[in-house]
Amino acid sequence: MKAKSLIVALLALGGLHSINVQAALPTTYEFTFLETLGGPTEPFSINNASQIVGYSYTDLQATTSLPVLWENNTITNLSVPGARYGRGFGINNSGQIAGAMALPGEFTSYAVVWNNKTPTLLDHLNEGGNSQAWGINDSGQVVGWSSLPDPDTLEAPVIWNGTTPTQLPTLGIPEGEARAINNSGQITGASNLGPSTNEPNFHAMLWQGNTITDLGVLPGGSYSIGLSINEAGHVVGMSSFDDTGMEHGVLWADGVMTDLGTLGSAGNFSSAWDINNLGQIVGYSQTGPGQVVATIWDEGQLYDLNSFLDASTAKAGWVLTGALSINDLGQIVGFGYNSSMRLQGGFLLTPTPIPEPETYAMLMAGLGVLGFVKRRRKAAS
């Protein structure tokens, strides 16, 4: 699609509640094994500037995990000296990072925001409790969870504006977590609905201001969670579908819940971890006993990402087992292993060829207009 027709289409869609831009899958992806601090890594999020956040263990025994940032596959340790735990979970398009960290000599988990790689601890709902930040939007709003003062055994979903937490409403017990927030302020995560014969009794939620919507579960299931939300308000995550606790990846879009299924008849479970503004979804799927692969769901079809590796990467023995984030350029991060090289850790997949710069710029402009229209409507209401 030419840039002009793309922006016209997006502007027209500004009056709707969805974005439906088609993006053909590449024939191959360029594979990059991410640098480590000495042990296995796991990347959680990639922004549209190709910056990646996650964590890396410092040794092969996986005793200390520290928050890290990858830029052009150069790894930066984001922790303070002496810390033994930390993780980066979300990154916005300005490079602000949300995550969690324990201070040296402490066991308390603090929600953290990094600005220019400098950490700021966010306040707890419970001064002596724990907290964790999962997602951050381009306005710097952060979502996650914080333990409550009473009862202090519960962890409640929260949003931070600056360092101040605000507890989000729930539909039962004040327990849950917020996992992602888009630029219109829509939040997804999960809420505990209260006592039930089926445990756990968490359902995926959508928060819009003070309004909370139960996104439901698959038929036969008892719990679900929303893990990512794009600018169209489309949510992906997972839901159980029977009493065994098995889960399938799920898309909630425009009031419709779609079971994303699994790869192969022998697959019992799958998950959807992230959705970009083109509607592409990444996660993982079981393909058989003891076999799990990284996946991408595109235009109604689920694919094994291993089938898109170039011949030399596949021949070298790399197996992709999970995909956790995808940006609007189609770049994907996740984790995998190479048994012949005795390596395991995070990877970056870059589509070849990548989108033309002018087309991508116009796409982002269109998404910006859509976000502006939605915020104006929200303010008017």
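View 1. Because Tyr29 lies in strand S1 (residues 28-33) and Phe308 in the loop between S25 and helix H2 (311-315), the pair ties together parts that are 279 residues apart in sequence; helices (H or I, at least four residues) and strands (E, at least two) are DSSP runs, numbered from the N terminus. Tyr29 is buried, with a relative accessible area of 2%, and Phe308 also counts as buried, at 10% relative accessibility, where buried means under 20% relative accessible area, exposed over 50% and partly exposed in between, for a 1.4 Å probe and protein chains only.

**How to read the values.** Residues are numbered from 1 along each chain as its sequence is written. Because this is a predicted model, local features need pLDDT of at least 70 and side-chain atom pairs count only at pLDDT 80 or more, while totals for chains, interfaces and linings use all residues, and side-chain values use heavy atoms, with hydrogens and water left out.

View 2. Strand S6 (residues 85-91) is mostly covered, with six of its seven residues buried. Six bridges join S6 to strand S7 (residues 97-102), and the two run antiparallel; two strands pair if DSSP finds at least two bridges between them. Within this pairing, Gly86 has Met101 in S7 as its bridge partner. The two strands form a hairpin with five residues between them, and in the turn Gly95 has a positive phi of about 90°.

**View 3. The open sheet S10-S11-S12-S13.** Four strands with antiparallel pairing make up this open sheet, in the order S10-S11-S12-S13. S10 and strand S13 (164-167) stand at the edges with a single partner strand each, so one side of each is left without a neighbour in the sheet. Neighbouring strands of this sheet are turned by 35° against each other on average, direction ignored, with axes taken as lines fitted to C-alpha atoms, for helices over the stretch in contact, and angles running from 0 to 180 degrees between N-to-C directions. Strand S12 (residues 155-161) is joined to S13 by four bridges, in the antiparallel sense, and Asn161 stands opposite Thr164 in S13.

**View 4. Asn137 in a loop.** Asn137 is found in the loop between strand S10 (131-136) and strand S11 (142-147), and at 1% relative accessibility Asn137 counts as buried. Its side chain reaches the backbone nitrogen of Ser139 at 3.1 Å and makes a polar contact with the side chain of Gln141 at 2.9 Å; a polar contact is a pair of N or O atoms within 3.5 Å, and within protein one must be able to donate a hydrogen and the other to accept it, while residues adjacent in sequence count only if both atoms are side-chain atoms. Not counting residues up to four places away in sequence, Asn137 touches Asn92, Ile181, Asn182 and Asn183, where contact means heavy atoms within 4.5 Å.

**View 5. Two salt bridges.** A search of the whole structure finds two salt bridges, each defined as a side-chain nitrogen of Lys or Arg within 4 Å of a carboxyl oxygen of Asp or Glu. In one, the side chains of Lys117 and Glu71 meet at 3.3 Å, N to O. This pair links distant parts of the chain, 46 residues apart, with Lys117 in the loop between strand S8 (110-115) and strand S9 (118-121) and Glu71 in strand S4 (residues 65-71). Lys117 counts as partly exposed at 41% relative accessibility, and Glu71 counts as partly exposed at 25%. Arg179 forms a salt bridge with Glu177, their closest N and O atoms being 3.8 Å apart, and Arg179 counts as buried at 10% relative accessibility.
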